[in-house]
Amino acid sequence: MSSAPARLAIDIGGTFTDFTLERGEKRWTAKVLTTPEAPERGVLEGVAAILATAGLAPGDLALVIHGTTLATNAIIERKGARTALITTAGFRDVLALRNESRYDQYDLNLMLPEPLVPRDLRFTVPERLDNEGHVLRPLDHDAVRALIPALRGAGVESVAIGFLHGFVNPTHEEAARAILAASWPELPVSLAAEVAPEMREWERFSTAVANAYIQPLMARYLRRLAAELAEIGVAAPLLLMLSGGGLTTVETACRFPVRLVESGPAGGAIFAAHIARAEHCPAVLSFDMGGTTAKICLIDGFVPQTTRGFEVARIGRFRKGSGLPLRIPVIEMVEIGAGGGSLAGVDALGRITIGPESAGADPGPACYGRGGVLPAVTDANLLLGRYDPERFAGGRLKLDPARAARALAETVGAPLGIDDPALAALGVVEMVDETMANAALVHAVESGKGFAGRVLIAFGGGGPVHAYRIAEKLGIDRVLIPPGAGVGSAIGFLRAPIAYEVVRSLYQRLARFDAVAVNALLAAMAAEARGVVAAGAPGAATHEERLAFMRYVGQGHEIAVPLPPGELGAAEVTGLRVAFDAEYTRFYTRPVPGSDIEVLSFAVRIATSAPSPGTVAAAPAPWHARAARGQSVRDMAHGEKVEWSVFARAALGPGARLEGPAIIAEDETSTLIGPDWQARLLASGTIELRRGGELRRGGDLRRGENP
Amino acid sequence: MSTALARIRLQVMWNRLIAVVEEQAQTMIRTAFSTTVREAGDLSAGIFTLDGRMLAQAVTGTPGHVNSMSESVGHFLRKFPAPTMRPGDHYITNDPWLGTGHLHDLTVVTPAFHGGRLVALFANTAHVIDIGGLGMGPEGRSVFEEGLYIPIVKCFDAGQPNETFFDFLRAGSRLPVELEGDVYSLTACNEAGARRLGAMFDEFRLGTLDELADFIFTSSRRATAAEIARLPRGTYRAEIFSDGYDEEVRLAAAMTIGEGDISVDFAGTSGLSPRGINVPPAYCRAYAAFGIKVVVAPEIPNNWASLAPLRMVIPEGSILNAPRPYAVSVRHVIGQLLPDLMMGCLFQAVPERVAAEGSSCLWNPPLRGGGAISGGARGNRPALPDFEVITFNSGGTGARPARDGLDGTAFPSGVRTMPVEATENVAPVVFWRKELRPDSGGAGRMRGGLGQVMEIGTKGDQEFACNAVFDRVAHAPRGRAGGGAGAAGVVALSDGTLLRAKGFQIIPEGQRLVLKLPGGGGFGDPARRAPEAVARDVRDGVVSAAMARALYRVHLDAAGAVDAEATARLRGEA
C-alpha cells in the first residue's frame, strides 16, 4: 500500500450520506441512508464500511472533511432551538415586516415565510445608535437584565442580539451579551454584529437569528461526531465545508453554523471548478441536475462565483423573495425547480409547464410503475428513446414506457391536441432545456458575463442527459462530463482550500478616501481570517484576496472590484476609480459621467493555496469506439425517430472517439451526444463533447480513424 | 415541420421573450440611481410590435404601469413614425397623458434592429426621485407646478446624447446627477433587451416577430376569454371612498361581465380635484385592469391581447379622467383604491376568490429639511443639511377567504421598502419606531393584516417637513362577508396633535412625525375564527385580550390558553 495520506469526505444529504476516500491515485466511494435523528450514526456506519473496502484502519486517515444539509434542513423543517431576539426599542418587528413586499404580484393567496422567532419571543430594550455609531440613547442595562426571567420562563435555548447600526459600533450588543452571560453563562448568544457585520437590518437580524436557531443543534452534533470519530481511532483533524467554498475548524463552525448552510451544493461547484482546472478551462458553466432541482454556477479562472447572501427555505416555487435572507459568503448558484422527477403540466394558456412539484422517489415518475400517474421529466426522456427501459440504473429499475406514454398523453398531449405522446414528450424536454438555458442567461447578465468560449461541465443524474441541448441554446460548443458525477459534492470537499472570508461595512467615498482607517480595517479583517485558517492548516502557505464593493454615489447595487495587495495610498485609490469604471462599462456599456464613487464594504478572504493545475495529460492515442448496440431516439429538431449508437462508458478507455448522435450509458446516468456533436474520452476519464465538427476540423479525429 | 412541433417552437420563443424583458428590467434595477427604482422596484419594461402592441412585460412592482406603458408606445409612434427611427435612437417623455400618469415617471422607447431592419420596440418606465417643481406631493394646482415637463423628444440620436436635452434636464432638478444617471440607466435597459432579442433572432433564424406575435395574442385572447366565461354574467356595482384632499372622493363602478369581456363604467364617480390627486385615464385603466386580472386571470401574462377584453368607460370630468393640465402628481392615492373597488364588484360574482379591502394606498412620507424649510439658520443655530428623502411603506392587506391578510405589506402596489439603516445613511433622519400596530387588523374569521406605527424625527430633533399623501384616515378599509373594518390611519405629531392626511406640513423642532398605518379589513364572522388562532394573536401581542373577548368571543385563561367551555358560551354554542 502506498504511503500517500488518506483523505475522507463525508456529505450528509437529505436521503443519502455520501463518502469518498482518496489515497494517492485510488478512490473509493460509499453511500448509506442518512439517519436524521442522530446523523453521526450513519456517518460512523459509512466510515467503517468505506475503510473496510479500502483495507485501511481509522488511524490511517490524515484528514476528514465534512459537509452537511443538517443546518439547512433544521431551518426548512423548523427543528432548531427555541430562539429569542433582543433588539432596539421600537423595532420589534423587523423580521416580520421584511421589505414590505410580495414576491408574487398576482397571487392573491400569497403566503410569506414565518420568521424563525415568533413575536412573543422578540424582545426590545431601550438603546439607539445613529448611522455613524454615535449613541443617541444609551443601552438600558437594567432592561436587559430584566429580560432574563422572561427568557428562562419561555424556555428559550438560544438568543440573537441585533441592534440598529450595531455593525458600525458593536458595544451595545457586546454589553447586552455580557449582562446575559453574567447570570446565564451557558446560554448560546449570537451577535448580529459578529455573524453578519453589514448594513441592512432585516438581512443582518435574519442571519443572526438563523445562526442562533441552529447553533445548539449543530454544536451538539459536531462535538459528538468529533468525539465518536476519535473514539473509533480517527486521529485526523475534522474540517467543515463552508457555503462559501472554504473549509474551517469545528470550533469556528460551532460559533457560526449559519455558514454551513449551503455546503453540499458548494461541494458540487468546487468539484466542477477542479475539473475546469484539470482540463484547463478558464470559463465554465457548471450544471448539476438531480431529482428535484438543477443548480447552475459560473466558474471563471477555476473559481466558482461567490456572493454575499442568499435565501434559505424558499416557500414559493423557488422564487426570489419567498425565503429567509442570509447574509453570508456563499457560492452563487441559481436553483431551478426542474429535475428528473419534476412534473410536467399545461397551464391555462396551453403552455407546457415544468415543476416545481416533483414526483420524488415515491411514487416517482409514471414509468417507475409505483403508482405515479403524472408525467415527470424522466418519463419524457424515456419516451424520446433516451433511456433503455431494461438498463436504467444498471438494470435495477425496469421502466415502463406504456405508463409514461399514458401519463404524457393525458396530462400534456390531450390539452394541447398532440396525438403522439412522444411529441408531447419532446415538448416537455424542450421546455425543460429552455427553462435551464433562460435561467443561465439571466444569471449571466446579472453577473456581467457571457457564454462565448465557455465550457459546460455537467453532472448529477440528469446533467449529462440534457447538457448538449442546453449548450446549443446557449451557444456553447464544448461540454465536459466528468467521471464520478454521482458523488460530485463529496469529491469537491476534497478539492476545497482551507479558507475563511470576512466582510465588513465601512462607508468611503473615493473623493475623500480615509486610507488610514481602511488599511487598519483590512489588516484587522485579514488577521481574523488568518487565525481561522491557521487553526485548520497550521503552517500552510496562504494567499489573500481583497475586494471592495463599489458603486456610483446614489446607485443601489455594488460591483466587486479587487484591491491591489499591500497598503492603499493615493495611487491605489486612483487605480480603484479606473478599475471601477472599467468594470461598470463591462456590465452596462458606458460609465456614468460626473459621478463620485462610493465604497460600501470590504471583503478579505484568506485561503490555502490551491493545488497547482499540473499539466494536462498528453492526449491519449485516438481510437474509434464501436457501438454496443443501437437505440431509436427522437430527434429534437424534426421529431422523427433516428437510430442512435449506444456505447457503455465502462467499455470506453482514454482516446475513444465517437460521433453523434449517440448515447454513452452508465449506471448513474446517460450522456447524450447530439447529431451535430462528437465525443472523446480524455486521459482523466472525462467525456468531452464538441459541436459542429470541431474535433474533425482539428483533424485528429479523421486522422485517428483513417491514418 | 409538424404543427405540434411548430407550436412547441412558438412556446419556446414566447418563454424566451419573457426572459428578454426580465433581463431588461434587471438591467435597470442594477444601474438606476433613484431609490424608487433600485430599492423600491417602481419600474416596468416591455417589448412591443412595430404598431405599438405590447408582446410581453416584465413582472415588476407597479400595476400602475400595466397598460399605461402599453398605451404610451402608440403616442411615441405618432410623433416619431417607425420608418424614421435609426439604430442608437432613444426617445423619452414624462408627459402624464402620454406616459404613466405623473411627471415623476420617465418613459423611454428604443427601436431594436436586426440585420438592418427595425424588428421591435422596447419601452420602459421608471419613477425618478426628483423632477423639480413642488416635489412629489398633492399641493400643485396644475401640472406645470409639479415639475419639469418633457414632451416626447430624442434623448439619444443615433447613439449620441442630445446635450441640449440633458442641459435642460440637469437644470430642472434638485438632483441633476441622479436624474441624468437614471436616463442613462433607462437606455442601457432597453439596449440590453435589444441585444438579447438580436441573439434570439439569430438562434431561431427569425426575420420578423409577426408569427410569434400572432401566437401570443391568439393564445392570450383565448385564455382570457375562457377565464371570463367561468364567471357568472351580470352587472355588479360597488363604491369606495377616499379621504380626498379637502373633501371626500367617491369612486363608483358598474362592472358588466359579458361573454368573453368585462366592461367597467365609472359613472357616479366624484369630479376633479383642484389638487394633485387627479388620475389620468390611462392610469385608471391600469389599476382597474390589475384589480380584475389578479382575481380573474392571474396566471395570464400581461400583453395587448390579454388586456384588450377589459374595457373601461370613464366619464369626462370625473377624477378618474383628468385632462391636461390638472395636477396629477400623487394620482396613486386614488388609483390604488381601484383594485378594492373592482373586488367590491367581483365579490358579488365570485365571493370565494376576492380579498377584503386593505390599506391599499402606499404610506410614503416625502420628507424634506434644511435650507428650504428653515432658511440658513433658525434661532442662530445651524439648520440641518438639505435633504429630500422618501420611504415606501404600507399598512395591512385585506384578509383572504382562507388566509389572514398580510401585515405591513404593499398591495396592490408591489414595491419594496428600503432598510431604515440605508435611509438614515442618505438623510439626517432618525426612525425611532417602526413596528406592527396591535389591534389594527380588521376582525374576521380571517383577520386583516396589521398596520404599522412609524415615528420619525431628525438628528437633534430639528424641524423638518412632510408633504403628506396619506389616505384611509377618514375611511377605514372595510371587511367583507361579515368581517370588521381595519383600523383607520392616523397622522400626528409626537405630542398627539393631529396633522392633515394630505398636504405640506412642518414638524417643529422638538417634535417627531407619528404615522399609524391602517390595518386590512377582516373576512367572515370573527366569532367563527379558530380560537387557537385568536390565542396566538393575543400571545403575540397583536390582538388585545379585550378585543379577543369582545369581537372574537374567545375566552382566554390566565396563562393565555383558550378556555373552551367559556368560549363556547360566549359564542352561544354551549
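Q: How many Å separate the centres of domain 1 and domain 2 of chain B?
A: The model is predicted, and in it the C-alpha centres of domain 1 of chain B and domain 2 of chain B are 32 Å apart. Domain 1 of chain B gives 15 residues to the contact and domain 2 of chain B gives 16 residues.

Q: And what classes of residue are on the domain 1 side?
A: On the side of domain 1 of chain B that touches domain 2 of chain B, there are six polar, five charged and four nonpolar residues.

Q: Where do the domains of chain B run?
A: Domain 1 covers 3-221, domain 2 covers 355-529 and domain 3 covers 531-570.

Q: Switching to the chains: how many residues of chain B are in contact with chain A?
A: 73 residues of chain B, against 59 residues of chain A.

Q: Which helix of chain B gives the largest share?
A: Helix 1 of chain B, with 14 residues. By class, chain B's side has 31 nonpolar, 23 charged and 19 polar residues.

Q: OK, now helix 7 and helix 10 of chain B. At what angle do they cross?
A: Roughly 45°, with the axes coming within 8 Å. That angle is why helix 7 of chain B counts as oblique to helix 10 of chain B.

Q: Left-handed or right-handed?
A: The crossing of these two helices of chain B is right-handed.

Q: Which residues meet there?
A: From helix 7 of chain B, they include B:Tyr287, B:Phe290 and B:Ile292, and from helix 10 of chain B, they include B:Met342, B:Met343 and B:Leu346. The contact between the two helices has 12 nonpolar residues, one polar and no charged.

Note on methods:
Residues numbered from 1 in each chain as written. Chains lettered and ligands numbered in written order. Predicted model: local features only at pLDDT ≥ 70, side-chain atom pairs only at ≥ 80, totals over all residues. Axes fitted to C-alpha atoms, helices over the stretch in contact; angles between N-to-C directions. Helix = DSSP H or I, 4+ residues; strand = E, 2+ residues; numbered from the N terminus. Parallel < 35°, antiparallel > 145°, perpendicular 65-115°, else oblique. Left-handed = near helix turned anticlockwise from the far one by under 90°. Contact = placed C-beta atoms within 7 Å. Nonpolar A, V, L, I, M, F, W, Y, C, P; charged D, E, K, R; others polar. Domains from an automatic or database assignment.
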